[in-house]
Amino acid sequence: LHVTEALNLRRRPRNEGDLYKTVQQGGATATWAAVSRDLDGKGGVYLEDCDLAPVVPDEGRAPYGVKSWALDLSVANRLWSLCETLTGVRVPTNGA
């Protein structure tokens with residue numbers, strides 16, 4: 001029994017999204033993102049379990065996926081501006 005499996009048994013998570021991952025499982029998506037041809041030309045996407053994360057309903061409580069508001073460029077730009085204001089650090093962007 002792997003330590004991660006033992007922790008999951010002890011915690012008894014209610015859904016798959018709450019399961020702990022092993023180091024290998026946790027690093028798999030980052031490794032896949034670094035070498036996958038499936039992502040050529042696709043920047044700024046959310047990834048999960050070696051794939052693109054599905055968009056899930058905003059009002060739902062799904063323990064996986066990405067909410068539509070997380071993909072909203074106007075929200076991202078407002079957050080970026082706020083961070084620059086709060087930190088006093090201005091970072092040039094690629095015209096966004």
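Trainee: Let's start with H2: where does H2 bend, and by about how many degrees?

Mentor: H2 bends at Thr 29, by about 30 degrees. The bend at a residue is the angle between axes fitted to the seven residues ending there and the seven starting there. Before we go on, this is a predicted model, where local features need pLDDT of at least 70, side-chain atom pairs count only at pLDDT 80 or more, and totals for chains, interfaces and linings use all residues. Residues are numbered from 1 along each chain as its sequence is written, and side-chain values use heavy atoms, with hydrogens and water left out.

Trainee: Thanks. How many residues does H2 have, and what does H2 reach from its first C-alpha to its last?

Mentor: H2 has 13 residues and reaches 18 Å, close to the 18 Å expected at 1.5 Å a residue. The expected span of a helix is 1.5 Å times one less than its number of residues.

Trainee: And H3, how far apart are its end C-alpha atoms?

Mentor: They are 21 Å apart, which agrees with the 21 Å that the 15 residues of H3 should span.

Trainee: Zooming out, how many helices and strands are there in the protein chain?

Mentor: The protein chain has 3 helices and 2 strands, in the pattern α-α-β-β-α when read along the sequence. Helices (H or I, at least four residues) and strands (E, at least two) are DSSP runs, numbered from the N terminus.

Trainee: What share of the residues is buried?

Mentor: Buried residues make up 12% of the 96 residues in the protein chain. Buried means under 20% relative accessible area, exposed over 50%, and partly exposed in between (1.4 Å probe, protein chains only).

Trainee: What about contacts between residues 24 or more positions apart?

Mentor: Those account for 7% of the contacts in the protein chain with a separation of 6 or more. Contact means heavy atoms within 4.5 Å.

Trainee: OK, new topic: how many salt bridges does the structure hold?

Mentor: The structure holds 3 salt bridges. A salt bridge is a side-chain nitrogen of Lys or Arg within 4 Å of a carboxyl oxygen of Asp or Glu.

Trainee: Which residue does Lys 21 pair with?

Mentor: Lys 21 pairs with Asp 49, and their closest N and O atoms are 2.4 Å apart. Lys 21 sits in the loop between helix H1 (3-11) and helix H2 (23-35) and Asp 49 in the loop between H2 and strand S1 (55-56), so the pair ties together parts that are 28 residues apart in sequence.

Trainee: Are those two buried or partly exposed?

Mentor: Lys 21 is partly exposed, at a relative accessible area of 44%, and Asp 49 is partly exposed at 47%.

Trainee: What's the phi of Asp 49?

Mentor: Asp 49 has a positive phi of about 50 degrees, although it is not a glycine. Most residues other than glycine have a negative phi. Cys 50 also has a positive phi, near 60 degrees, and Cys 50 is found in the loop between H2 and S1.

Trainee: Back to salt bridges. What does Arg 37 pair with?

Mentor: Arg 37 pairs with Asp 40, with the closest N and O atoms 3.5 Å apart. Arg 37 is exposed, with a relative accessible area of 69%, while Asp 40 is partly exposed at 48%.

Trainee: And which side chain does Arg 90 meet?

Mentor: Arg 90 meets Glu 84 in a salt bridge at 3.0 Å, N to O. Arg 90 counts as exposed at 68% relative accessibility, whereas Glu 84 counts as buried at 13%.

Trainee: Where is Glu 84, then?

Mentor: Glu 84 is in helix H3 (residues 73-87). Its side chain also reaches the backbone nitrogen of Val 91 at 3.1 Å. Leaving aside neighbours within four places in sequence, Glu 84 is in contact with Val 89, Arg 90 and Val 91.

Trainee: What comes just after H3?

Mentor: Gly 88, which takes a positive phi of about 75 degrees.

Trainee: Last one: where does Val 55 lie, and what is Val 55 in contact with?

Mentor: Val 55 lies in strand S1 and counts as exposed at 52% relative accessibility. Leaving aside neighbours within four places in sequence, Val 55 is in contact with Val 66, Ser 68 and Leu 71.

Notes:
Polar contact = N/O pair within 3.5 Å; in protein donor to acceptor, adjacent residues only side chain to side chain.
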